[in-house]
Amino acid sequence: MTAAAEHTWVALILPAIGVLLSGSTLLLLGGASQRWARNAALALCAAASVAIGVLAIVVLSSNQPLEASAGRVLGFALIELRYDALSTPFLAALAFVGTAASIYGLGYATHDSTSRSRVFAAYPVFLGSLLLVFGAADAFAFLLAWEVMALSSAALVFGPAPSRSVARAGYLYVAMTHVASAALIVAFAILGAEAGSTSFADFGQAASALSDPLRDLVFVLLLVGFGTKAGAIPMHVWLPKAHPVAPSHVSALMSGVMIKAGIYGLVRLGIEMLGPGAEWWGLLVLGIGAVSAVLGVLYALMEHDLKRLLAFHSIENVGIILIGIGVAMLALTHGAVALAGLALAAALFHTFNHALFKSALFLAAGSVQAAVGQRDLDRLGGLARVMPVTTLAFALAAAAISGVPPLNGFASEWLTFQSLIGVVGSAQSSPVAQSAGALAVGALGLTAALAVACFVKATGIAFLGRPRTPAAAAAHENVLSMRIGMGLLVAACVVVGLATGSVAPLISQAAAPALGTPPVVGSAPAALTVMPALGGPTYAALPLGALLLGATGVSWLALRRRGPVRRSPTWTCGIAPEPAFEYSATSFAKLIRLYFSPILRPEREITVDRHPGTPFARSVHYRGEVQPLLGDRSYARMHGAVVAAAELVRRMQSGSLQLYLAYAVVALVILLLVAR
Amino acid sequence: MFTSQTLDAVLTGLLQTTLVAGLAPLLLGITRRTKARLQYRRGPSIWQPYRDLAKWWSKSTVESDAATALSSLAPALVFAALLVASGLIPLVAARPPLAGWGDLLVVIGLLALSRFVLALAALDAGSAFGGLGSSREVAIAALVEPGLILALVAAAVSAGSTDLGAIAARALSAGIGWYTPAVLLAGAAFAVVAVADTGHEPFDNPDTHLELTMVHEAMLLEASGPRLAVLMYAAQLKLIVVAGLFLSAFVPFGVATQIAPLPLMLATVTAVVKLVLIAVALGVVDAVLAKLRILAIPQLLSIATGLALAALATRVWLVA
């Protein structure tokens with residue numbers, strides 16, 4: 001393994017990570033059922049994740065890419081790495097989530113059969129493949145890492161003994177991920193043929209040499225491939241099925257980091273390599289982003305399975321990220337380079353932030369499931385009193401993902417809004433782009449408000465009020481390692497939110513080389529400024545947060561000094577309060593379900609079984625369901641079309657040897673004619 | 001370092017905060033009085049909200065036995081968020097007290113924070129009413145938010161900045177020329193969504209305690225004593241914040257551009273007059289409009305959102 005960097009000790013980082021990860025894989029293969037082996041492996045994974053964080057810091061601070069390569073087979077690079085500034089937000093996300101998830105895994109294993117089986121050897125492999133994906137500098141090496149990432153995570157989704165429903169989710173995931181890979185392989189083949197090499201370094205030039213229709217085709221293929229991995233609508237169907245069934249710390253890695261590989265690829269290849277494209281590229285990405293954001297949060301609101309709800313929110317947040325990327329592409333096309341830098345910084349910042357709070361939420365959801373044995377919101381309730389740490393972690397992460405200041409989610413949504421307003425107000429934008437930007441502003445506003453609604457629902461129904469089941473009442477807080485895992489990520493959400501003024505300029509610095517611009521997000525002391533050269537608006541998270549905290553503290557103390565608080569049962573019109581009186585997850589979202597019924601198309605079915613001959617009901621059954629647009633039904637239709645096409649092709653396969661010989665002759669003749 | 005500029009900022013900040021904090025209950029009193037007069041009632045004195053606050057503040061607190069620490073923290077947090085938000089708004093001077101700390105999006109974010117905390121606290125006691133108010137509040141807010149943001153963005157795009165002070169300054173220098181079709185349409189859109197956001201007719205009746213129609217009041221049903229006082233006071237502050245957003249983006253005329261005693265006094269009087277006019281207008285709206293069926297709310301709010309989009313469309317397609 002070789003490495004070219006200024007400091008020789010930097011060259012040690014990559015091998016160190018490799019050794020740690022392979023060591024932990026070996027340990028796990030030795031016996032994940034052995035507690036000491038599993039714990040040692042997870043500790044090594046956490047150490048490797050910390051090393052990944054060091055790697056990100058070194059790359060960003062030295063401002064010099066870190067390169068390494070190993071293992072060439074038939075001229076193809078197996079591992080060909082080049083970590084530059086653009087990789088760093090993704091590496092940082094991987095470092096945080098990897099560390100937290102691995103520590104969390106120490107305690108979580110007692111509740112999770114996958115963690116105790118040999119399948120769990122895929123976990124360090126998964127971490128390692130993510131590390132490779134974010135630095136691969138060669139199409140072959142990238143696809144190799146990409147496939148390992150898909151297969152190792154699929155193994156963790158399946159687990160040691162998949163039930164029928166888990167297996168269905170797993171197969172759907174594998175199928176969709178291969179559709180994505182197929183699209184990428186074709187795109188890389190087109191670029192590689194033009195470049196005469198598989199190295200990403202040559203792809204940039206090759207892309208500019210391509211004819212316009214071919215470049216458009218490459219872009220669409222990249223969008224399909226990376227969009228599927230990112231879970232953007234309409235390529236999202238696998239995500240809400242596969243993420244909830246994985247072990248919770250794997251869900252955290254999948255939602256927090258793995259789907260970001262799609263974002264990474266889109267930025268690396270779609271923006272950095274392809275460069276400015278046709279206007280419809282940016283409009284398409286912006287449209288997909290806006291639709292994903294709104295539909296993602298709407299479907300999340302309809303869920304009452306805590307982890308499925310979170311999975312739909314991943315679609316929403318990928319939508320918000322894609323809005324930023326779409327604006328960046330539009331601005332590049334229009335030649336507004338500064339705006340492109342702002343929009344890309346917004347997208348990358350939100351990518352990083354989403355990794356923090358979504359992983360924290362998945363870990364907290366796993367903590368609930370471990371304690372209650374349930375993740376159906378309507379069977380939880382009142383957990384705040386028995387699980388205070390999990391509750392606090394979930395509530396803070398929920399506030400962060402809802403985009404309220406001074407936490408980190410607000411900071412990146414603020415930047416996304418600024419870039420959208422930039423495209424609407426910029427004289428360089430075309431009227432079509434300006435109108436699309438205006439619509440996206442509305443969509444993003446709607447998304448933010450619906451996200452508040454959804455996380456009030458998730459937090460309130462699960463953790464507040466009275467327990468709805470005996471299991472929820474008997475729950476207790478989880479072990480220290482799980483609390484540390486959650487706490488680490490939530491603390492990061494708070495710190496990054498308050499230190500936005502220092503973090504956002506770093507992210508802007510990471511985004512700039514991909515566009516060839518100077519960083520556009522500047523920092524007054526502790527404040528975040530959009531395009532400081534233009535005297536743009538500022539958001540001073542730290543003083544604002546301090547003032548908010550101070551004012552809250554003073555009023556809270558004043559309230560406390562007003563004397564003792566008498567506690568008595570909630571007034572329920574004279575009868576003893578029961579959990580059945582409380583709003584449930586379904587009833588909480590009822591009004592939104594009705595308001596958005598043209599989109600959600602809710603179906604309900606009420607069956608009343610009456611005593612014979614009387615109007616009195618013996619039992620009443622209610623079934624409510626929401627049919628997602630572009631969901632299972634559209635895919636069933638597509639699936640039917642594919643099967644029909646396959647049937648058609650099968651007619652060529654008669655089994656007769658003469659016919660096959662004739663095919664060979666015809667093919668030969670055609671080849672001779674074409675390749676003359 | 002203690003420059004004259006920081007001294008000015010501190011002075012205007014104190015002036016505006018005193019004005020906002022002192023005036024908030026009065027505006028509610030004026031709105032109620034206007035409503036009562038239009039209904040041929042005498043109505044309570046315009047000072048009644050102050051007496052109510054004092055009464056609640058001196059009472060003792062009862063909380064549900066299902067409640068968590070959130071019930072005591074929420075009033076403080078909601079109040080703090082709205083107080084900080086009011087500091088970002090140029091109500092008296094064109095330079096707001098917390099100039100440079102945040103723009104209109106931060107104000108909207110702080111409003112979202114107060115809504116998040118309040119709606120969550122409403123679920124704390126495990127009462128059906130809390131869930132009712134909470135779910136209605138977040139659903140209506142989802143319809144309000146796009147129109148609110150789009151209307152303000154239309155003003156921001158016209159001014160070339162999302163900074164409220166910059167928007168106000170730009171409008172002042174443009175004079176009557178500020179009222180382009182885009183700004184007029186956006187102002188109309190904002191007026192509609194602001195009524196919904198502050199919980200007035202035809203969206204919510206601030207005076208009702210009938211469970212079928214409550215939104216905001218249902219969320220406060222479990223609060224008592226000093227906590228109720230703080231939450232009611234916060235609701236009064238929210239009116240000033242939303243009204244302040246409207247004034248600084250659409251009617252900023254009268255704010256002081258230089259920090260000197262006379263301009264500041266004039267600006268203070270103008271600000272009070274503008275806020276009182278808004279309070280009277282809300283009273284009129286409360287009195288003459290019947291409450292909409294909750295399922296009909298989207299129609300009115302989508303018209304407002306459409307107006308805001310039209311504002312941006314005129315800006316994009318008509319202004320070359």
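Reader: What makes B:Thr61 the bridge partner of A:Val565 in S1(B)?

Author: In this predicted model, A:Val565 has B:Thr61 of S1(B) as its bridge partner. Strands are DSSP runs of E with at least two residues, helices DSSP runs of H or I with at least four, both numbered from the N terminus. Two strands pair if DSSP finds at least two bridges between them; strand S7 (residues 565-568) of chain A and S1(B) are joined by four bridges and run parallel, so by this definition they pair.

Reader: How many residues of chain B are in contact with chain A?

Author: Contact requires C-beta atoms, placed from the backbone, within 7 Å. By that criterion, 72 residues of chain B are in contact with 66 residues of chain A. H5(B) gives the most to this side of chain B, with 18 residues.

Reader: Why is H25(A) said to lie largely in the open?

Author: A residue is buried if 20 or more other C-beta atoms, placed from the backbone, lie within 10 Å of its own, exposed if 12 or fewer, and partly exposed in between. Of the 19 residues of H25(A), the number buried is zero, so the helix lies largely in the open.

Reader: What is the mean pLDDT of chain A?

Author: The predictor's confidence in each residue, pLDDT, runs from 0 to 100. For chain A the mean is 88, and 96% of its residues reach 70 or more. Residues are numbered from 1 along each chain as its sequence is written, and chains are lettered from A and ligands numbered from 1 in the order in which they are written. As the model is predicted, local features need pLDDT of at least 70 and side-chain atom pairs count only at 80 or more, whereas totals for chains, interfaces and linings use all residues.

Definitions and conventions: Contact = placed C-beta atoms within 7 Å.
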